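Subject: Structure for you to look at

Hi,

Here is the structure I promised to pass on. Have a look at it first, and then read on for what I found in it.

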Amino acid sequence: MSGNKGAGKDVPEADQAGRPDWAPVDAGPQFAVRVVRGRATGSRGSSAPAVPRRSLTAAEYAQGVIGGNRTILARAITLVESNAERHRRLAREVLARVLPHTGGSVRIGLSGVPGAGKSSLIETLGNQLVTQGKRLAVLAVDPSSTITRGSILGDKTRMETLARNRACFIRPSPAGGNLGGVARKSRETILLCEAAGYDVIVVETVGVGQNEVTVRSMVDFFLLLLIAGGGDELQGIKKGVIEIADALVINKADGDNQARAAISRQEYAMALGYLSPITRGWQTRAHVCSARTGMGVAELWRMVQRFLEITRANGFFAERRQAQSVEWFHTLLDDSLRDLFRRDPVVAARLPDLERAVAQGAYLVPDAVDDLLRTFQPAPGRRS
Ligand code: GDP
């Protein structure tokens, strides 16, 4: 794609045509640009109150987000995505203010290889949900773009109809350089969207490597989207990913592909029989659908609703959210400690000598680590 491929280009290309709502505050790391051009402008329709481009206070951000102002929501997300220290402080204040209004959505993770039909499914399902009066937020997370610079996602127009619907809010997430960063920011973004009144939040990620685990740790229901292949598809997907899913959905069950999809579903259903479900009280399902014809999509949503009924009744829904908060706490703690350590001037000054020493075999690596840890003496009250 051409969007953010340019060397050293930190700001997505869409910015050149007019700064979109989600443009980064501080031109941070690479973005996973899955941008439907013009969708951000949908939030600036004539009915939207004018929002001054000046800096907003935490109270203004919070009020705007809680009031469902899409432009302010987009700016608040940009704020939480910023790595600048002053933005981080302000972002925390905003989050603290909106916190009482969070938690009310259904959080759904959606993963699958590029081309599986994720955006098509979101479009089809999303339109059904919007018709039922639901408000939907879609957060696209692509940590892989630090390597691929977003090329995996292509420069295609995605979720066109939804993107124009005011009951829907679509947002790419920054690659952030590491999964911890992505997780942190996506979690904060989820909270902002919830405070803005979105009932369903879909966190979409490309099925490569570790992404699914990160997304699993922030959603209630995790859906793995698959396509019927030539019989060996079970090998193409890491067993671990199937283990963390609440539903395996075989897409593109239409036309000539219908029979193959049905066979595939049976194979997956059989494979699931050997695995322990990730969610207490819920047997992971294998399901077929066609994002193109809509076949099986309403049933898919009924499955999600059934899942919610069961897990809310048996207490697992709340337990999982609590466990996710604790996990988030630990992730943030680890990130912050690492930042604090890496930014310490004494540590930074000592590091090259130790690197040389271990490279030359003059110093045992564990000794060098101990040495550096002893060097580290953060001043009281210093924060990353
Ligand atoms: P993503 O990369 O996972 O988001 O996949 P897309 O939604 O962009 O879909 C990839 C391609 O598969 C596109 O050409 C879609 O039109 C096509 N596609 C998606 N869903 C279906 C489906 O249910 N049936 C058929 N026949 N094609 C589909």
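Setting aside its neighbours within four places in sequence, Ala 76 touches Tyr 61, Val 65, Val 94 and Leu 192. Ala 76, Val 65 and Leu 192 also turn up among the residues with the most contacts inside the largest nonpolar core, along with Ile 201 and Leu 223. That core has 72 residues, and helix 2 (residues 70-81) gives the most to it, with 7 residues. As background, nonpolar side chains in soluble globular proteins tend to be buried together. Please keep in mind as you look around that this is a predicted model.

For the overall picture, the protein has 15 helices and 7 strands. Of its 384 residues, 41% are buried. If you take the contacts between residues at least 6 apart in sequence, 74% of them join residues at least 24 apart.

Strand 4 (residues 200-206) is mostly covered, with 7 of its 7 residues buried. Which residues point each way from strand 4? Val 200, Val 202, Glu 204 and Val 206 point one way, while Ile 201, Val 203 and Thr 205 point the other way, and all are buried. In general, side chains in a regular strand alternate between the two faces of the sheet.

Strand 5 (residues 221-227) is largely enclosed by the rest of the structure, because 6 of its 7 residues are buried. Strand 5 and strand 6 pair in the parallel sense over 5 bridges, and Leu 226 has Ile 250 in strand 6 as its bridge partner.

Lys 252 is in the loop between strand 6 (247-251) and helix 11 (257-272). Its phi is positive, about 70°, although Lys 252 is not a glycine. Most residues other than glycine have a negative phi. Is Lys 252 buried or exposed? Lys 252 counts as buried because it has 24 C-beta neighbours inside 10 Å, and the cut-off for buried is 20 or more.

Helix 13 gives you another view. Its 28 residues reach 40 Å from the first C-alpha to the last, close to the 40 Å expected at 1.5 Å a residue. Helix 13 is hardly covered, with 1 buried residue among its 28. Ser 325 is found in helix 13 (residues 316-343) and counts as exposed, because it has 12 C-beta neighbours inside 10 Å. The C-alpha atoms of Ser 325 and Ser 217 are separated by 9.1 Å, although the two residues are 108 apart along the chain.

Last, the ligand. It is surrounded by 14 residues, and the closest are Gly 117, Lys 118, Ser 119, Ser 120 and Arg 292. By class, this shell has 7 polar, 4 charged and 3 nonpolar residues. Helix 4 (residues 118-131) provides the largest share of the shell, 3 residues.

Enjoy exploring!

Best wishes

Notes. Residues numbered from 1 in each chain as written. Predicted model: local features only at pLDDT ≥ 70, side-chain atom pairs only at ≥ 80, totals over all residues. Near = placed C-beta within 6 Å. Helix = DSSP H or I, 4+ residues; strand = E, 2+ residues; numbered from the N terminus. Nonpolar A, V, L, I, M, F, W, Y, C, P; charged D, E, K, R; others polar. Contact = placed C-beta atoms within 7 Å. Core = buried A, V, L, I, M, F, W, Y, C linked by C-beta atoms within 7 Å. Expected span 1.5 Å × (residues − 1). Pairing = 2+ DSSP bridges.
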